[in-house]
Amino acid sequence: MSITSTDICRAADALRGCVGFNRKTSRYIVRFSEDAFGMEVAEGSIVPASEFVWREHAPGVMVLAREHLRVLLDMNINERLNVSEPLLIYMRREDLPEILAQRTLCRSP
């Protein structure tokens, strides 16, 4: 089975959970509800995992950032995050450039 960049982007958009930066520990943490962060993470730093893995490259163009995916993978909760095979293949194929995609940043309400 061939994996395309479209498959990888869909897999990134299917990630679950919310990512926030804990300034006290200088680490990213994942919770599965924005309410679960409490006082340990500033509300403005909480983003859905499916948006956390993208970073702006140019207006309207985003990069599927391997360094952000690595943060999630290093937490070893792939099943809960819904990390699927296309993303794992993307991470293994460091010989290929990061994916650029036209998309808009989407924040949960």
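Biologist: How many disulfides does a search of the whole structure find?
Modeller: The search finds 0 disulfides. Keep in mind that this is a predicted model.

Biologist: Okay, and Cys9 and Cys18, are they buried or exposed?
Modeller: Cys9 counts as buried because its relative accessibility is 15%, and the cut-off for buried is under 20%. Cys18 is buried as well, with a relative accessible area of 10%.

Biologist: Let's step back. How many helices and strands are there in the chain?
Modeller: The chain has 5 helices and 6 strands. Starting at the N terminus, the elements go α-β-β-β-α-β-β-α-α-α-β.

Biologist: And how compact is the chain for its length?
Modeller: As compact as a globular protein of that length, because its radius of gyration is 14 Å, close to the 13 Å that the globule rule gives for 109 residues. Along the principal axes, the C-alpha atoms fill a box of roughly 45 × 30 × 25 Å.

Biologist: What share of the residues is buried?
Modeller: Buried residues make up 39% of the 109 in the chain. As for contacts with a separation of 6 or more, 60% of them are between residues 24 or more positions apart.

Biologist: On to the strands. What is the strand order in the open sheet of 3 strands?
Modeller: The order is E2-E1-E3, and the pairing is antiparallel. Strand E2 (27-31) and strand E3 (47-48) are the edge strands, each pairing on one side only.

Biologist: How many bridges join E1 to E3?
Modeller: There are 2 bridges between E3 and strand E1, which covers residues 18-22. Cys18 turns up again here, standing opposite Pro48 in E3.

Biologist: What about E4 and E5, how do they run?
Modeller: They run antiparallel, with 4 bridges joining them.

Biologist: Changing topic: which residues have the most contacts inside the largest nonpolar core?
Modeller: Those are Leu15, Val53, Trp54, Leu64, Leu69, Leu72 and Leu87, in a core of 24 residues. At least two residues of this core come from each of helix H1 (5-13), helix H2 (49-52), strand E5 (61-64), helix H3 (66-73) and H5. H1 supplies the largest share, 4 residues.

Biologist: Take Leu72. What is Leu72 in contact with, leaving aside neighbours within four places in sequence?
Modeller: Its contacts are Leu15, Val19, Val30, Ala49, Phe52, Val53 and Leu81. There's also a second, separate core of 5 residues, and Cys18, Ile29, Phe37 and Val41 are among them.

Biologist: And Ser50, where is Ser50 found?
Modeller: Ser50 is in helix H2. With a relative accessible area of 12%, Ser50 is buried. Aside from neighbours within four places in sequence, Ser50 is in contact with Ala12, Asp13, Leu15 and Arg103.

Biologist: Now charges. How many salt bridges does the count come to?
Modeller: The count is 6 salt bridges. One of them joins the side chains of Glu40 and Arg31, at 2.7 Å from N to O. Glu40 is partly exposed at 31% relative accessibility, and Arg31 is partly exposed at 26%.

Biologist: What does Arg55 form a salt bridge with?
Modeller: With Glu98, where the closest N and O atoms are 3.2 Å apart. Arg55 lies in strand E4 (residues 54-58) and Glu98 in the loop between helix H5 (85-92) and strand E6 (100-102), so the pair ties together parts that are 43 residues apart in sequence. Arg55 is partly exposed, at 32%, and Glu98 is partly exposed too, at 26%.

Note on methods: Residues numbered from 1 in each chain as written. Predicted model: local features only at pLDDT ≥ 70, side-chain atom pairs only at ≥ 80, totals over all residues. Heavy atoms only, no water. Pairing = 2+ DSSP bridges. Disulfide = S-S within 2.5 Å. Buried < 20%, exposed > 50% of the residue type's maximum accessible area, 1.4 Å probe, protein only. Salt bridge = Lys/Arg side-chain N within 4 Å of Asp/Glu carboxyl O. Core = buried A, V, L, I, M, F, W, Y, C linked by side-chain atoms within 4.5 Å. Contact = heavy atoms within 4.5 Å. Rg over C-alpha atoms; globule rule 2.2 N^0.38 Å.
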